[in-house]
Each structure stands twice: as structure tokens, then as C-alpha cells.
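Student: Could we go through this one together, with the cut-offs spelled out as we go?

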Amino acid sequence: MIRLQSVVKSYSIGKEQVDVLKGIDLHIKEGEFTAIMGPSGSGKSTLMNIVGCLDRPSSGDYYLNDHLVSQYDEKELAQVRNRSIGFVFQQFQLLPRLNALKNVELPMIYAGVKKKEREERASEALHKVGLSDRMGHLPNELSGGQKQRVAIARAIVNNPDLILADEPTGALDSKTSVQIMELFTMLNQEGTTIILVTHESEVAEYARRTVFVRDGMVMQNETTVKGGESL
Amino acid sequence: MSVAENMKMALSSLLAHKLRSILTMIGIIIGVGSVITVVAIGQGGEAMLKSQIVGAGNTIELFYMPSDEELIANPNAMMMAPFTQEDLKAVEKIPEVTKVVATSSEYGNVRVREDTLEASITGINQAYLDVNGLKVDTGRNLLAADFLGGRRVAVVSSSFREELFEGEDPLGKVIFVRSQPVEIVGVLEQPTGLFSFGANEVYLPWNTWRTIYASNELSQVTLQTENAEDLQEAGQKAADLLNRMHNTEEAYQVINMEEIAAGVGQVTRIMTIIISSIAGVSLLVGGIGVMNIMLVSVTERTREIGVRMSLGATRGQILLQFLIEAVTLTLIGGGIGILLGWGTSSIVSHFAGWPALVSWPVIVGGLLFSMIIGVIFGILPANKASKLDPIASLRYE
């Protein structure tokens with residue numbers, strides 16, 4: 001489903017050119033639960049941005065569902081983000097003035113879904129993450145775990161092919177982290193492909209496969225035992 | 001995303017910063033308000049001037065002005081009676097003409113007991129009453145019977161009463177015009193118009209005037225038509241007809257009062273445009289205020305923009321969102337400005353005794369103009385928002 005072939009990303013700082021990604025080859029199949037690990041500065045965030053269609057590689061090909069999205073223009077990328085990718089961020093990134101329901105409705109607004117259907121699907125998604133009773137609450141009235149659940153509901157509401165979670169438990173306590181990771185596991189069992197970017201190995205353990213990134217290259221590519229069990 | 005949804009979203013983000021939104025709007029409110037006020041007062045003044053020049057009815061006056069050539073060819077032309085009874089009857093037959101007002105006027109001394117006063121003594125026909133109307137303050141107006149019978153009755157102007165009667169009740173008193181007695185039956189209202197001044201006037205039924213002056217001459221003929229559009233044509237027809245009847249080239253003419261009114265209207269319009277463009281400068285300043293606050297808003301909401309982009313908003317949609325927000329801001333400001341201008345011009349017209357006209361085109365124009373201001377000054381901040389990098393925006397603190 002996801003195929004990166006010798007993806008290079010370089011930035012020029014002044015006259016100097018810095019290669020952040022130095023030829024990444026990565027293949028992720030549909031329904032996989034993959035963790036991308038690596039120390040800070042390894043390029044995993046850049047990798048995530050490219051996979052999330054927020055950025056384009058300097059060279060190399062990125063195929064998403066057999067479409068060469070690395071050649072897409074910005075408008076097409078926006079559509080791919082909207083329809084095929086659900087983002088979950090460390091800082092939740094909920095719009096503070098919208099209540100939970102409205103936040104979950106956002107991706108559907110950009111997908112051109114009618115108001116009534118939007119409300120139905122948003123409340124359905126919130127129900128799925130266990131927040132049926134918090135729909136009218138503003139983000140600052142919710143706990144960190146609840147905020148992240150709203151963000152997950154927002155990520156799944158357009159039925160994306162892929163959920164990209166960037167340190168989803170980074171701002172949560174360990175107990176809440178477990179709940180959130182269990183939610184991801186549940187979604188994965190329902191068939192959603194999940195890519196998790198993290199530097200915590202406990203979190204990465206929830207994934208069936210871990211990809212290590214260091215110095216802009218994929219170092220290690222292993223399938224964990226625990227992931228194997230859940231098959 | 002539809003425009004309506006964008007508007008709703010814009011309203012909610014404007015409501016989130018009420019004070020800031022209101023302060024930003026003030027520039028637009030004052031700008032639109034002052035333009036509306038100036039235009040309303042200007043148009044009101046123009047309408048008032050025009051109505052005073054053209055008069056109430058659709059009337060046009062026939063003039064007898066022989067050219068120099070005609071005077072040389074016929075030196076008596078100037079002495080001739082300009083209009084005759086036959087002329088009147090011919091003109092009345094022109095299809096567009098509904099009424100023909102005929103008057104004869106002479107200046108002469110009027111005597112009451114020992115006092116005399118020079119006054120304009122005008123014989124009028126009944127059509128004069130229908131078209132011009134004589135507003136009687138005390139006593140009664142001239143009646144159909146007065147016209148038909150040529151009764152010796154008169155209606156006098158209020159200044160005539162003051163000069164000759166000085167507070168005495170003139171009704172029923174007899175004045176002498178060319179030594180012939182005439183009874184005063186009514187006194188006219190004080191004129192209020194801009195160009196009216198208190199003249200000493202005596203109005204008699206035309207038949208009475210004819211007997212007193214022993215003359216069939218009509219000094220002034222005015223036509224009235226059903227529709228204002230027919231006026232100029234009917235007037236020209238009448239002038240041509242009279243020229244033919246009198247064997248003159250162009251001694252009979254019509255002056256188009258509407259043309260004069262249009263000229264006056266143009267002057268007031270130019271004044272209005274000048275003053276309102278000065279007022280419009282404040283709109284410009286208001287627009288810059290909107291731009292300023294929208295730029296701040298874009299910076300503040302960098303993260304929101306990043307989130308929206310990551311959720312699939314295109315650059316175009318982000319641009320539209322902020323543009324509509326700016327337009328909503330100026331549109332609301334414009335709406336309040338229109339109400340303010342309406343109120344102000346009503347107050348001004350109340351105290352200045354000058355009508356104010358807030359017309360629909362002005363209201364629509366005001367709203368449209370506020371929208372344009374919103375677009376012009378909103379495009380820069382909106383463009384800035386749409387050009388943001390989603391990755392950097394998501395990380396913005």
C-alpha cells in the first residue's frame with residue numbers, strides 16, 4: 001500500500017545542502033501496524049511528513065495505493081490528506097473554539113460532506129472512541145486522553161486508508177497512554193493501516209513491526225513477537 | 001465548503017474576539033456612515049431643489065420671444081398680444097395636453113380707501129387652480145362660479161394683506177383695481193419655498209380681469225400633461241402650432257424647466273460626490289485597519305491553518321476562509337454604518353428642515369462597497385495564510 005523507493009529529502013541551509021533522508025526504501029502493506037522509531041534528528045519526522053503528504057521528497061518515488069503521489073501537485077496532495085490519511089498529533093491539534101463534534105466534522109467539511117451526514121458520522125466516530133457523552137465539550141473542557149480520542153475520531157471519520165500517529169502518547173500519562181494504544185490496536189484489528197512515530201519502545205511494542213530510522217536511513221526492519229501474536 | 005458555511009465560521013471567529021472585531025469595524029462604520037449621510041442629504045437637497053424648480057405638476061410654460069429678425073420685419077411684434085383666446089383653444093386640442101393654464105398679468109395700483117399699493121394683478125383661469133393650486137389661508141378660494149360668471153372677487157397674497165390692511169381682517173373688504181371694485185374673499189398662505197418671496201399679488205378670475213382691463217390678451221400660457229415624458233413634446237407641438245398660427249419663425253418657444261432642474265441636480269450631485277469622496281477616505285483608513293487585524297489574526301491562527309491543511313484544506317480553501325472573514329467583518333461594519341448614516345441624516349434633516357433621502361441604490365451600493373473593501377484589504381492577509389507551510393504551522397507556538 002505504501003511504497004517508498006530511494007526517497008531523498010534535502011534542505012539547503014545557506015549554501016550548504018543537508019540531506020535529512022538519504023534514500024529510504026520502505027514498504028508497508030495494507031492492514032499493518034508499523035512503528036517508526038529513531039532518535040531525534042534521525043529524520044523520522046521528515047519521513048512522516050512525506051508519508052503524510054505534507055511534504056514531497058526531493059527525489060525518489062512514493063506510491064500510495066499504487067498512485068505516484070510524489071508527483072502530485074499541492075491541491076491533489078490536499079485531497080490525498082483529506083481522503084486517505086488520518087493524522088494524530090502529539091499535541092492533539094484540536095481547534096480550541098470548536099466543540100468535539102465540530103472538530104471531528106472538519107475533515108468532512110473539506111471532503112464536501114453534507115451537514116446532516118457530517119453530524120451523523122462525527123457522532124458515530126466519537127461513539128467509537130468512547131466519547132459519546134462529550135460531543136458538545138470544547139477541547140479545554142476535556143482531559144488529555146479525551147482530547148487525543150477526539151483527535152483519533154477526527155482521523156478515522158473520513159475512513160482513511162492510513163492513520164499516521166506522531167508521538168500520540170507523548171503528552172499523556174502512562175495509564176492514558178495504554179488506553180490510547182489499545183484504541184489504536186482495536187482500530188488496526190478492524191483493518192486500518194497504522195503508522196506510529198515514536199521514540200518510546202513501550203509504545204512501539206504495540207505495533208507488529210518496527211522500523212528504525214537513524215541518520216536518514218532505515219537501519220533495522222523487524223516484526224515484533226507481540227504483533228505476531230495478534231495476527 | 002460552501003460560502004454560507006464559511007460565513008458561519010467567520011462569524012464565530014469574529015465573535016471569539018468581540019472587542020477587537022468591533023474596534024476594527026469602527027473604521028468601516030464611520031466611513032460608510034458618513035458617505036451614506038452625505039449622499040442622503042445631498043440627494044434630499046437635490047430632490048428638494050428640483051421639485052421647487054419644476055413645480056408640483058408636469059407643467060411647461062410657453063414663451064413669446066420674437067427674434068431680432070422678426071422684430072425688424074415686424075416692429076409691432078413686441079406690442080402684440082402674445083396669446084389669444086383662439087391660441088388657447090388650439091393648444092387645448094393637442095392630445096397630450098390635459099390642462100392649459102392661462103394667465104394675464106399687469107402691474108397696477110390697487111386702492112383701498114385712501115391707501116394705494118402697487119401689485120401684480122393676475123387673471124387666472126380655472127385650470128390654474130387645478131395645476132398650481134392657490135393655497136388659501138383664510139377666507140375661501142376662487143370657485144367655478146367665480147370663473148364662469150366673472151364675479152368681482154379676488155384672492156390676495158399674504159404680504160399684500162400686511163401692506164394694505166396691517167392686521168385688519170381683509171375678508172369682505174373692497175379694493176379698487178383701475179377704479180373698479182373687487183371684493184377680497186381669501187388670503188393666501190405665506191409662501192415657504194426657497195425661491196418664493198412675499199410679492200404683492202392679487203388673483204382675479206380671468207373673466208373679471210378681462211372686463212377690468214378690457215383686454216383679451218393672455219400673457220402666460222402653461223401646459224400640463226398626464227405624463228412627465230410627454231411634456232417636452234407637447235410643449236414643442238404647442239410652440240410649433242402657435243408659430244404656424246401667427247406666421248412666426250420661432251417667436252413661440254418652450255423652456256424646459258426639467259433641463260434647468262437637471263443642471264441644478266448635476267451641481268448638487270458633483271458636490272455630493274466631492275464631499276462623499278472625502279468621507280470615503282475614512283473608509284480607506286478603515287480598510288487598512290481591517291487588513292492589519294486580519295494579518296494579526298492569521299499569525300495567531302497559524303496552528304489552526306496548519307491543522308486545517310493537514311486535514312485536507314487546500315490553499316484555495318484557506319484563502320477563501322480568511323477572505324470571507326474579512327468581507328464578513330467589513331459587511332457587518334457596512335451594515336451598521338448604513339444604519340448610522342440613516343440615523344444621522346434623519347437627525348440632520350430634522351434640524352435643518354432639509355429632506356434626507358436614503359435610497360435603495362445607496363444602501364445596496366454601501367453594502368457592495370464594504371464588501372469590495374473587505375476583498376481588497378482581505379486579500380493580502382488571506383494570501384499570507386494560504387501560503388503558510390503546513391509542517392511549520394503545525395509546530396508554531
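Predicted model: local features only at pLDDT ≥ 70, side-chain atom pairs only at ≥ 80, totals over all residues.

Student: Where is A:Asn65 placed in chain A?

Tutor: Phi of A:Asn65 is near 50°, a positive value in a residue other than glycine. Most residues other than glycine have a negative phi. Helices (H or I, at least four residues) and strands (E, at least two) are DSSP runs, numbered from the N terminus. On that count, A:Asn65 sits in the loop between strand 4 (59-64) and strand 5 (67-68) of chain A.

Student: And A:Asn159, is that buried or exposed?

Tutor: A:Asn159 also has a positive phi near 50°. Its place is the loop between helix 5 (144-156) and strand 7 (162-166) of chain A. With a relative accessibility of 59%, A:Asn159 counts as exposed.

Student: What radius of gyration does chain A have?

Tutor: Chain A has eight helices and ten strands, and its C-alpha trace spans about 50 × 40 × 35 Å along the principal axes. The radius is taken over C-alpha atoms, and the globule rule is 2.2 Å times the number of residues to the power 0.38. For 231 residues a compact globule would come out near 17 Å, and chain A agrees with that, at 17 Å.

Student: Which residues does A:Val80 touch, beyond those up to four places away in sequence?

Tutor: A:Val80 is in helix 2 (residues 74-84) of chain A, and it counts as buried because its relative accessibility is 9%. Contact here means heavy atoms within 4.5 Å. Not counting residues up to four places away in sequence, A:Val80 touches A:Cys53, A:Leu64, A:Val69, A:Tyr72 and A:Ile85.

Student: Which backbone oxygen does the side chain of A:Ser42 reach?

Tutor: A:Ser42 is in the loop between strand 3 (33-37) and helix 1 (44-51) of chain A, and it is buried, with a relative accessible area of 2%. Leaving aside neighbours within four places in sequence, its contacts are A:Val20, A:Val213, A:Arg214, A:Asp215 and A:Gly216. At 2.7 Å, the side chain of A:Ser42 reaches the backbone oxygen of A:Pro39.

Student: How much area is buried between chain B and chain A?

Tutor: The contact takes 24 residues from chain B and 21 residues from chain A. B:Ser310, B:Leu311 and B:Ile391 supply 28% of what chain B buries against chain A, more than any other three residues. Buried area is the accessible area (1.4 Å probe) that two parts lose on being put together, summed over both. Carbon and sulfur atoms give 57% of the total, which is about 2100 Å².

Student: How many salt bridges does the rule find across that interface?

Tutor: A salt bridge is a side-chain nitrogen of Lys or Arg within 4 Å of a carboxyl oxygen of Asp or Glu. One pair is B:Arg315 with A:Glu74, whose closest N and O atoms are 2.1 Å apart. A:Arg118 also pairs with B:Glu5, at 2.7 Å between the closest N and O atoms; this pair crosses from helix 4 of chain A to helix 1 of chain B. Across the interface of chain B and chain A, the rule finds three.

Student: What separation along helix 4 do A:Glu117 and A:Arg121 have?

Tutor: These two form a salt bridge, with the closest N and O atoms of A:Glu117 and A:Arg121 3.1 Å apart. A:Glu117 is partly exposed at 37% relative accessible area, and A:Arg121 is partly exposed at 22%. Being four residues apart in helix 4 (residues 115-128) of chain A, A:Glu117 and A:Arg121 are separated by about one helical turn.

Conventions. Residues numbered from 1 in each chain as written. Chains lettered and ligands numbered in written order. Heavy atoms only, no water. Buried < 20%, exposed > 50% of the residue type's maximum accessible area, 1.4 Å probe, protein only. Polar contact = N/O pair within 3.5 Å; in protein donor to acceptor, adjacent residues only side chain to side chain.
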